[in-house]
Amino acid sequence: MPELPEVETVVRTLVPHLTGRRIVEARFDSRFVTPGNRKRLAGRLAGRRIESIQRRGKFIQVALDQGVLTIHLGMTGSLRVAATADAPALTSSHTHGIFTLDPTREPGVLLYNDPRQFGRIEWTPSVSPRVARLGPEPLDISLEDFRRRLKRRARMKALLLNQAFLAGVGNIYADESLYAAGIHPLAIAARLKPERAARLLGALQEILRAAIACGGSSISDYVDAMGEKGWFQVEHRAYGREGEPCKVCGTPIKKILVAQRGTHFCPQCQRR
DNA sequence: ATCGGTACCTGCACGC
DNA sequence: TGCGTGCAGGTACCGA
């Protein structure tokens, strides 16, 4: 589900409802999503005031009056606000976190759902080390810095997925930006010509901005904190289009495996 | 230091 | 209809 545009959308829809609210109680029931002592985590959160919420890469950072709550949605995590915790449509065996908010106003709860349990919820005294080791934000990085960071032997697709290279790009937007820039996913990063690197960064930024404007891509079940789907999936030109004609040249989109991830590209427009 | 492969977990689509 | 297989927006960790 969630790459940079989806996480950004979730954060934007959470901000007006959660900023300034107090967490009365927190409950967790997955040993995967909340590794370590779940009860202690819940204890850390009880009574805390939410100062601000921001995205960094694919992470959601909730600044509290004491410490930081860091949430990663993994593949299938979702955060939803609801009036009460017994909203039957929003809770299931996959509801692994329930945050009860101060009863002064609605929404009364924040629910964390995650079928595959690849997501993570943690509390740290300050910025999480997992966030600290992220690379720059793709929407902020300068072309000069981007080019410097490309001086590596890795294949372009794998490098775009590397969160220490750039934070927030995932499988969809890696494929879409390489397609838009006409770069083969197996191209070696350090061998990219300067003008092609510029084209890639431009394409990546344009696509990420457009996707945020669309509320992200809803591939199967992604929704924002209000339950709204995104619609950028209708703009996908490579991802999920195996066998369908390239919108530019008509050649069937090909799917290969790169870094163990399904990788979609046009063999005509993206030559090695 | 970098890179690629594997593991983690559940649900679903597909082929037989 | 039922069952096995492979695949899915993610990251961490291991060994080369």
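Begin with the largest cavity, whose volume is about 80 Å³; a cavity is a set of points on a 1 Å grid over the protein atoms alone where a 1.4 Å probe fits but cannot get out, and its volume is the space filled by probe spheres set on the points, which are joined across faces, edges and corners. This is a predicted model, in which local features need pLDDT of at least 70 and side-chain atom pairs count only at pLDDT 80 or more, while totals for chains, interfaces and linings use all residues. Residues are numbered from 1 along each chain as its sequence is written, and side-chain values use heavy atoms, with hydrogens and water left out.

Next select L18, I50, V62, L69 and L110, which lie nearest the centre of the cavity among its 13 lining residues, a lining residue being one with an atom within 4 Å of a point. The lining has 13 nonpolar, no polar and no charged residues, where Ala, Val, Leu, Ile, Met, Phe, Trp, Tyr, Cys and Pro count as nonpolar, Asp, Glu, Lys and Arg as charged, and the others, Gly among them, as polar.

Now show the open sheet of 4 strands, ordered 2-3-4-8 with antiparallel pairing; strands are DSSP runs of E with at least two residues, helices are runs of H or I with at least four, and both are numbered from the N terminus, while two strands pair if DSSP finds at least two bridges between them. The edge strands are strand 2 and strand 8 (120–124), each pairing on one side only.

Finally, look between strand 2 and strand 3, which run antiparallel and are joined by 6 bridges, and select Q54, whose bridge partner in strand 3 is Q61.

Conventions:
Chains are lettered from A and ligands numbered from 1 in the order in which they are written. On a 1 Å grid over the protein atoms alone, a cavity is a set of points where a 1.4 Å probe fits but cannot get out, and a pocket is an open set with protein on both sides within 12 Å along at least five of seven lines; lining residues have an atom within 4 Å of a point.
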